[in-house]
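Dear colleague,

Please find below the structure that I am handing over to you. My findings follow directly after it, and I would be grateful if you read them with the coordinates open.

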Amino acid sequence: MYRIHILMAMDSHTIAQGSREVKEALIRDLALAGISDEVKIVETGSLGISNKGVVLVVFPDDVYYVNVTTNDIPDIISEHLIKGRIVERLHYKKAAVGKGGEKKDERLGKQVRVVLKNAGIIDPQSIEEYIAEDGYEALGHAVTEMTPEQVREEVKKSGLQGRGGAFFPAGIKWDFAAGTEADQKYIICNADEGEPGTFKDRLILEGDPHSIIEGMALAGYAVGATKGYVYIRGEYRMSIEHVQIAIDSARENGLLGQGIFASDFDFDLEIREGAGAYICGEETALIESIEGRRGEPRDKPPFPPAEGLWGKPTVVNNVETLANIPQIILKGAKWYRNFGTEKSPGTKVFTMVGNINNPGLIEVPMGITLREIIYNIGGGIPNGKGFLLAQMGGTTGGILIEEHLDLPMTVETLRGIGAGLGSGALLVVDDSQCPVDLVKNFVEFFNHESCGKCTLCREGTGRLHELLSRLTSGRGEEKDIELVQVLSATMMRGAFCGLGQAAPVPILGCLRYFKDVFIRHASEHVCAANKCEMEAVAETIAA
Amino acid sequence: MPEITIIDEIVENYNDVKTPLIYILKDVQKEFGYLSDNVLTRVAKKTKIPLSDIYGVATFYSLFTTKEKGKYIIRCCNNAPCHVNGSKEVLDKTKEYLGIDFGETTKDKIFTLEFTSCLGICAVAPVMMVNDDVYGNLTPEKAVAILKDYKLKGTSNV
């Protein structure tokens, strides 16, 4: 028995800030203090605090320490672990987030944890800890007591929509695949997360990999698939490692393989690594990549549930979508609908990035307002600056301004203003930034990531880049703005896939709300924010 | 071991995997540092996939390279979340310190400078990656200090 448990967040953010070194110092100093056998160190996923250096929690006291360095370890040991006094200078006043919607602490605002219920609480490399939190109970219940139709019915009733960004009803997608006759069907987990500002999937894969495996097995049972692939970005080394450990231990425990829970259901999984291509997040490009080719999107229809991987019916679901499934099967569609709104049920994981005091990962019910996210949970904008704009859903996301701060964040309300929830990345931009410079940055990204298959996207992103470079360097003219508009509208209508169709969304959004700023760049060659390197700008500002 | 034998062995390792080309190229690149014409020709012969298709794949994905690179590959992010947190100053200073532009390798073959798409650690933006190690909350000064350490490591091992 251990007297104290120390949970250490070992995710990509904290490792980049030295958590491995701190852990080594902790092990060493605990031994020096002679209390190694009283304290257990548990590595876990993100604790939801991402920019405060190394984070650890001391249990059972539930005390969070942030910005911990190797030099602080002796104090934590002698003061807290031995004398029971909290080290105030490192203390972060935040309580653990309640599971299943029970709030423990008002300071957390509206955060609830369904998808992230285990992340940062269990050791992601331990199947025992996942099982102790009701893990694999949903799978056991489904394969022994439910028919595949009943599983699909429950998911349909829950109203769960695909969390990859398209928000297509998950249960209906499953129905399509279930209704196609074939000797082999596949489940693919789309973990090719590459949308700038998005790291929700990464932290689920790193912090709770078994929830994905269980979700995929349930999907397999529901549609009649016996084989699954987890397609993970090649850059996500830690995610690949954790998912592989989880697959191996699930197999050893008979939770993957032949005759799961002594039923006649067989299901097995394999990881496929990406090799660096944003476009592979598009489901048919992803399938092309697994088939060993360039990741270029396919013509649709046929859609993957009819004809997907190696020509067989295939369901492609996002990581977050799959992480919801075990909860829905275990607790029921009705419970799931306690969260969110009628048309957008459930919770949504957002990543808050950009000019915000508390960047990081949050899970909130659908329908929360932008103001609550930015000012209550996100802690507002740093350095006393004002709010210029927010971009919801990644670099292809729509632009939101001051007047949208009180709009409930749901699929339907955002659609109404030409935006969307997308990947859930929320980029907050303060008023010291320049919208024209920002649009140039977006366009650079699209130009780099366009796969080159269709002319409109390949050439269109290139020409947009030229036009924006002119506007941001003092060589622009007013007719360039018009060209940007016409080209954007043409790409939206004519590009082959979602990349080219969505790329113009933030461009047109910025043009709609900041037209005057664009005009000043074009006609007066002035960047008031002083972000664009214009030859004439220095004198104008001085004057 | 001769080049051909190594490539053949890598291909044979994946006999049981359906459509393993990307895995084969990853392993081959790990072995030889980059995917030269000779190497790709052998992969084509052994896998019976047309060389043009293999070249298409090798040049499509950003983790593959058909050119020789430096000992340390620096991948800088300039996507929007890093951009609004001052990545441009970091990029400019890094270029100045190394004396090369993006896509280039230093003369001593120690560094190659590249852009990367979002690495998903935006809460500590701006960020960069040197080989497999990730660095966050960068300032121009911090970036240069990190690269100086690598330079010392890189030259002392040669």
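Of the 543 residues in chain A, 55% are buried; please bear in mind throughout that this is a predicted model. The chain comprises 22 helices and 14 strands. Its radius of gyration is 24 Å, which agrees with the value near 24 Å for a compact globule of 543 residues. Along the principal axes, the C-alpha atoms of chain A fill a box of roughly 75 × 65 × 40 Å. Among contacts in chain A with a separation of 6 or more, 71% are between residues 24 or more positions apart.

Chain B has 7 helices and 4 strands, and their order along the sequence is α-α-α-α-β-α-α-β-β-β-α. Of its 158 residues, 36% count as buried. Its C-alpha atoms fill a box of roughly 50 × 35 × 25 Å along the principal axes. For contacts in chain B with a separation of 6 or more, the share from residues 24 or more positions apart is 58%. The chain is divided into domain 1, residues 3–60, and domain 2, residues 72–157. The C-alpha centres of these two domains of chain B lie 30 Å apart.

As to the contact between the chains, 42 residues come from chain A and 30 residues from chain B. On the side of chain A that touches chain B, at least two residues each are supplied by α1 (12–15), α11 (283–290), β10 (347–354), β14 (425–430) and α16 (435–449). The largest share, 5 residues, comes from α16(A). By class, this side of chain A has 14 nonpolar, 20 polar and 8 charged residues.

Because 13 of the 15 residues of α16(A) are buried, the helix is largely enclosed by the rest of the structure.

As for Leu426(A), its contacts beyond its neighbours within four places in sequence are Phe350(A), Thr351(A), Met352(A), Val353(A), Ile373(A), Ala390(A) and Met392(A).

Finally, I examined helix α10 of chain A, residues 237–252. At 1.5 Å a residue, its 16 residues should span 22 Å; the end C-alpha atoms are 23 Å apart, which agrees. Buried in α10(A) are Ser239(A), Ile240(A), His242(A), Val243(A), Ala246(A), Ile247(A) and Ala250(A). An α-helix has 3.6 residues a turn, so residues three or four places apart point the same way. The buried residues of α10(A) pack against the helices α4 (127–132), α8 (200–207) and α9, and against the strands β6 (186–191), β7 (227–232) and β8 (268–273), of chain A. Just after α10(A), Gly254(A) takes a positive phi of about 70°.

With kind regards

How values were computed: Residues are numbered from 1 along each chain as its sequence is written. Chains are lettered from A and ligands numbered from 1 in the order in which they are written. This is a predicted model: local features need pLDDT of at least 70, side-chain atom pairs count only at pLDDT 80 or more; totals for chains, interfaces and linings use all residues. The radius of gyration is taken over C-alpha atoms; the globule rule is 2.2 Å times the number of residues to the power 0.38. A residue is buried if 20 or more other C-beta atoms lie within 10 Å of its own, exposed if 12 or fewer, and partly exposed in between; C-beta atoms are placed from the backbone. Two residues are in contact if their C-beta atoms, placed from the backbone, lie within 7 Å. Ala, Val, Leu, Ile, Met, Phe, Trp, Tyr, Cys and Pro count as nonpolar, Asp, Glu, Lys and Arg as charged, and the others, Gly among them, as polar. Domain bounds come from an automatic or database domain assignment. The expected span of a helix is 1.5 Å times one less than its number of residues.
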